[in-house]
Amino acid sequence: MNMKLLSSQGSIQEFDADLVIVNLFENTEKPGGATGAVDRALGGAISDLISVGDFTGKRLSTAVLYTRGAIKAPRVLIVGLGDKDKFDLQTAREVAATAAVRARDLDVRRVASIVHGGGTGNLDYADAAQATAEGTLLGLYRFDANKREKSEDERRELESVTLVEFEGSRMATLGKAIARAQAIARGVFLTRDLVNQPANIASPEYLASVATHLAEKYDSVSISVYGREEMEQMGMGAFLSVAQGSYDPPRFVVMEYHGAPEGEAPVVVAGKGITFDTGGISIKPSQEMWRMKTDMGGAAVVLGVVEAAAGLALPVNLVGLVGATYNMPDGKAYRPSDVVRAMNGKTIEVISTDAEGRMVLADLLSYASKNYEPKAVVDLATLTGGCVVALGKEIAGLFTEKDDLAGGLEQAARAVSEPVWRMPMYDEYKELIKSDFADVKNSGGRWASAITAALFLREFAEGIPWAHLDIAGPVWRDSSAPLMPKGATGFGVRLLVNFLENNS
Ligand code: BES
Ligand code: MN
Ligand code: ZN
């Protein structure tokens with residue numbers, strides 16, 4: 001995104017812009033604060049709008065007023081904050097996003113806005129400022145990397161959004177909040193871009209090259225990229241079995257972000273990076289198969305989190321593991337009935353080649369427990385359709401036996417409004433993945449498939465505090481929302497960044 005996000009001290013009604021954004025709580029009779037100041041400068045135009053009933057301040061509603069020379073800006077956009085008692089950070093984010101998108105639709109260049117919730121509200125100013133900045137950026141995201149012909153709508157772009165603050169004492173806080181929001185948005189956008197890219201572009205090699213670029217960009221990030229041979233030497237027989245069916249080679253990427261002293265235990269995030277999941281020999285139906293380009297969503301979150309953590313210079317040590325491969329049917333492809341050996345020595349009977357994500361994660365988790373003594377290991381994976389059936393498209397499944405880790409992730413999820421729901425690690429269902437021919441089998445069948453998948457992963461997360469997030473639902477949206485257009489959501493990046501901040 002080329003748009004600049006800036007800050008300025010002064011009165012919004014005096015700011016020189018093409019459009020200024022102010023706000024109103026629902027059922028306010030007389031606007032106060034900055035909105036009141038604009039209203040007075042306009043001779044009561046906002047009050048009129050309210051009294052005739054054309055604007056009530058309903059959450060995310062908007063109205064445009066033309067100022068006819070009364071202030072420098074020719075237009076005022078007023079956005080509804082909804083019920084004052086229900087106002088929260090998510091509302092601030094969504095209000096900012098809605099207003100920014102509306103401004104872009106009007107095809108203006110320079111926008112000025114107040115900080116939503118920065119005045120009287122019940123929010124901390126730094127949080128409100130960050131939410132306003134973050135919402136503005138997230139809402140304006142678009143993915144058009146592969147379009148040569150763009151419509152007029154698609155070509156519109158704001159030049160700048162300036163957050164205007166009257167109190168001089170708040171400017172440093174505002175500046176920091178904007179910088180933080182930019183670093184976080186950069187991570188979310190990287191994740192969204194990778195997931196939106198088609199399977200022929202976002203290959204394992206491509207994911208590895210993006211990771212390499214991150215390591216070049218940030219001194220604090222180091223990287224190792226492994227191919228088939230090295231993975232064989234490491235004993236990653238589960239991951240490699242999935243990869244053997246494709247012409248394009250797999251990539252195992254280890255990124256280390258050093259933001260804390262050497263001796264401090266890292267947090268490990270591991271991502272499923274199936275760059276396209278055909279199902280393999282257990283092939284998927286062709287209808288909607290294109291969606292399986294999103295099957296590297298977990299890996300994309302890992303890259304986004306590393307980008308954001310490094311950009312924020314978070315005082316933590318972070319390890320990002322990416323297991324990237326296609327899952328293809330082929331003469332060399334693995335088959336149902338195959339028995340393979342994972343890095344931790346356990347043997348796996350392949351029941352379905354479509355249960356491939358857990359094969360890759362088995363070796364990533366084995367690698368994490370062999371090579372680190374982490375504070376926590378969190379894997380992210382578009383792992384099961386069953387999780388989408390259970391929780392729908394907006395909520396991720398959270399699986400862990402560690403209550404404190406569950407609590408930490410739930411707290412982070414609430415703070416950023418990326419909802420998770422804890423699912424049971426129901427030990428009795430271990431029966432369902434018992435194999436006659438190996439230590440474990442890779443599918444427990446149809447029922448409770450999200451749970452049996454998590455129980456399978458547990459076999460490889462030996463001796464580490466581990467949690468699993470099944471993001472098969474929230475990785476993608478079929479309709480737009482205030483903070484994102486339809487398509488890749490970047491779900492998980494803000495959650496994990498918040499989690500890391502709380503663990504530093
Ligand atoms: N990538 C899929 C899961 C998926 C399904 C993600 C729908 C998003 C939307 C995964 O690899 C898969 O195929 N899982 C199977 C597991 C089964 C074979 C045990 C599933 O969920 O059906
Ligand atoms: Mn699959
Ligand atoms: Zn998959």
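**Domain interface and sheets**

Modeller: Between domain 1 and domain 2, six residue pairs are in polar contact across the interface, both residues of each pair being at pLDDT 80 or more. Keep in mind that this is a predicted model.

Colleague: Back up a bit. Where does the assignment put the two domains?

Modeller: Domain 1 covers 4–166 and domain 2 covers 186–502, according to the domain assignment. Their centres, taken over C-alpha atoms, are 38 Å apart.

Colleague: How many residues are in contact on each side?

Modeller: Domain 1 contributes 15 residues, and these are in contact with 16 residues of domain 2.

Colleague: What area is buried between the two domains?

Modeller: About 1,300 Å², with carbon and sulfur atoms giving 63% of it. On the domain 1 side, Leu 138, Tyr 141 and Phe 143 supply 51% of the area buried against domain 2, more than any other three residues.

Colleague: How many salt bridges does the rule find across that interface?

Modeller: One.

Colleague: Changing topic: strands. What does β5 pair with?

Modeller: Strand β5 (residues 110–113) is joined by three bridges to strand β2 (residues 19–25), and the two run parallel. Strand β6 (residues 160–165) is also parallel to β5, with four bridges joining them.

Colleague: Remind me, what holds paired strands together?

Modeller: Strands of a sheet pair through backbone hydrogen bonds, in either a parallel or an antiparallel way.

Colleague: There's also an open sheet of three strands. What is its order?

Modeller: The order is β11-β12-β16, and the pairing is mixed. β11 (339–341) and β16 (440–441) are the edge strands, each pairing on one side only.

Colleague: Is β12 parallel or antiparallel to β16?

Modeller: Parallel, with two bridges joining β12 (residues 347–349) to β16. Ile 348 has Val 440 in β16 as its bridge partner.

Technical notes: Residues are numbered from 1 along each chain as its sequence is written. Chains are lettered from A and ligands numbered from 1 in the order in which they are written. This is a predicted model: local features need pLDDT of at least 70, side-chain atom pairs count only at pLDDT 80 or more; totals for chains, interfaces and linings use all residues. Side-chain values use heavy atoms; hydrogens and water are left out. Domain bounds come from an automatic or database domain assignment. Contact means heavy atoms within 4.5 Å. Buried area is the accessible area (1.4 Å probe) that two parts lose on being put together, summed over both. A salt bridge is a side-chain nitrogen of Lys or Arg within 4 Å of a carboxyl oxygen of Asp or Glu. A polar contact is a pair of N or O atoms within 3.5 Å; within protein, one must be able to donate a hydrogen and the other to accept it, and residues adjacent in sequence count only if both atoms are side-chain atoms. Two strands pair if DSSP finds at least two bridges between them.
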